[in-house]
Amino acid sequence: MKKNNFGYLIREGVRGVFLHGFMSFAAVCVTVACLIIMGSFGLILYNLNVMVQELERENEVLVYIDETYSEAEAKSVGSQLNLIGNVHEARFISRAEALTSFVETQNDSGLFEGIDSDTLRDRFVVTLEDNSLMRQSVAEIRQVAGVADVTAHYEISEGFNTIQRVLNIASAAIIAVLLVVSLLIISNTVKLAMYDRKEEISIMRMVGATSGFIRWPFVVQGFLIGIFASAIAFFLEWGIYNLLAGRIASIDTLQLIHLVPFMDIYPVVLVFYALTGFAVGVFGSLLSIRKYLKV
């Protein structure tokens, strides 16, 4: 493409943005709103997944060792547990530690004075990499020599997995709907500009202008609207997220909710907004151009 032609296409694209200033402004506002809603749902889903993963780590599997094993023999079982693929950590708890921990949780510890720790069994507290594979992992743990019994709360693990699946489906549906809305808004904005220039487009076609030469100014117009909207949405999302995180941190009853710092995830958010703005702007324009290029 010649340099002069490239400059012309860019100028025409910028002119198209201001040709219908109100429609362009409306397209930017609607796209910003859609991007913020999409980004907010994505950030909520990400934070919920992080919190669910943290809760899953607390959903531990208790592995009781055969009572005939000495403490040294019981500890040796841990090396076999750690060899199981889905095991993140197997932490040993001796009989004495188990008794002390149990007594501390009781209201009247005096009732348990004199109880011999040998009445309990050595155990391991096992955390898994992926709790959705808990049943398979527990089956493998039971096969380890020296394991007498295993306690696992499958219903909690499966409940977390169900929550994650529902959130993923709901967020994907909402994001898809908002993407379509943004595409239609930008498409209609570009259509309006093309309608005003339909005679000019017809003349250009008759004198031999290529489809690409006619198409590019409108693609540039859609691109500018999409990128401008994504930049505004990114900085608004940044401010809203930090404001919300600060408010949550200041409320005592919400201390269990920990939002990931925005600075830890902003590169992903920035790329998502930039790519979404680009795709919505360019493809929204291309959708509206095809009809007029048939003239």
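Buried means under 20% relative accessible area, exposed over 50%, and partly exposed in between (1.4 Å probe, protein chains only). This is a predicted model, where local features need pLDDT of at least 70 and side-chain atom pairs count only at pLDDT 80 or more, while totals for chains, interfaces and linings use all residues. Residues are numbered from 1 along each chain as its sequence is written, and side-chain values use heavy atoms, with hydrogens and water left out.

**View A. Strand β3 is mostly covered.** Six of the six residues in β3 (residues 123–128) are buried; helices (H or I, at least four residues) and strands (E, at least two) are DSSP runs, numbered from the N terminus. In a regular strand, side chains alternate between the two faces of the sheet. Here Arg 123, Val 125 and Thr 127 point one way, Phe 124, Val 126 and Leu 128 the other, and all are buried.

**View B. Strands β1 and β2 both pair with β3.** Two strands count as paired if DSSP finds at least two bridges between them. β1 (residues 61–65) runs antiparallel to β3 over four bridges, and Val 61 sits opposite Val 126 of β3. β2 (residues 87–93) is also antiparallel to β3, over six bridges, with Arg 91 bridged to Val 125.

**View C. Phe 234 and Trp 238 make an aromatic pair within helix α8.** Searching the whole structure turns up ten aromatic pairs. In this one the ring centres of Phe 234 and Trp 238 are 5.8 Å apart and the planes at 65°, so it's edge-to-face. (Rings of Phe, Tyr and Trp, the last by its six-membered ring, pair if their centres lie within 6.5 Å; planes under 30 degrees apart are stacked, over 60 edge-to-face, the rest tilted.) The two residues are four apart in α8 (residues 211–250), about one turn of the helix. Phe 234 is buried at 5% relative accessible area, while Trp 238 is partly exposed at 26%.

**View D. Tyr 241 and Phe 262 link helices α8 and α9.** Their ring centres are 5.4 Å apart with planes at 55°, so this pair is tilted. Tyr 241 belongs to α8 and Phe 262 to α9 (residues 262–292), so the contact ties together parts 21 residues apart in sequence. Both ends are tucked away: Tyr 241 is buried at 6% relative accessible area, and Phe 262 is buried at 2%. Phe 234, Phe 235, Trp 238, Tyr 241, Phe 262 and Tyr 266 form one aromatic cluster.
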